[in-house]
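User: Could you take a close look at the salt bridges here, and then at the pocket? I'd like the cut-offs spelled out as you go.

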Amino acid sequence: GRAAGGAARGGGGGDMAKTCKDFSRVRGKEAVALVDLSRGWDMKGLKGACKFVIPIIMDAVFGKIFPFLFRPNTLSWIQNPDRSFTQVRRRKRWDNTVQVSMIVSALTACLLAAKMALVALFRVAMKLAV
């Protein structure tokens, strides 16, 4: 879960420096992960679209085709209190890597099939021309 430890909640009368240090120890990685996720969404232009809109579209498409393999989009998933921000970031990186790999593999297969079809068509045309 996302709840910080008792010392990080600021429960009365403690040393503020120690409390801040404890909070950073308990929650530091989560803060870094949240900032990392949100920075990716704040980019402008084509890079911003690639980091925000395209992953949402890919998550929707792949989630419908392979619901057993891919998790909901990042915006939806970070709202789940059972998942830490570091877990969400790690899983979505995996999801996006697999999605891109599947797209590249499909495009490569299509290009190879098109090449084979053109070679076969060329051979047939050459036999007819003789």
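Analyst: Happy to. Let's begin with accessibility: a residue is called buried under 20% relative accessible area, exposed over 50%, and partly exposed in between, using a 1.4 Å probe and protein chains only. This is a predicted model, in which local features need pLDDT of at least 70 and side-chain atom pairs count only at pLDDT 80 or more, while totals for chains, interfaces and linings use all residues. Residues are numbered from 1 along each chain as its sequence is written, and side-chain values use heavy atoms, with hydrogens and water left out.

Now the salt bridges. The term stands for a side-chain nitrogen of Lys or Arg within 4 Å of a carboxyl oxygen of Asp or Glu, and by that rule there are seven.

Arg25 itself is exposed, with 62% relative accessibility.

Helix 5 (residues 85–129) holds another such pair, Asp95 and Arg91, four residues apart, or about one turn of the helix. Their side chains meet in a salt bridge at 2.9 Å, N to O. Asp95 is buried, with a relative accessible area of 0%, whereas Arg91 is partly exposed at 22%. Through salt bridges with shared partners, Asp59, Arg91, Lys92 and Asp95 form one network.

On to the pocket. A pocket is an open set of points on a 1 Å grid over the protein atoms alone, where a 1.4 Å probe fits, with protein on both sides within 12 Å along at least five of seven lines; its lining residues have an atom within 4 Å of a point. The largest pocket is lined by 19 residues, and Leu37, Trp41, Lys51, Thr74 and Asn96 lie nearest its centre. Helix 1, helix 3 (53–65), helix 4 (74–77) and helix 5 each contribute at least two residues to that lining.
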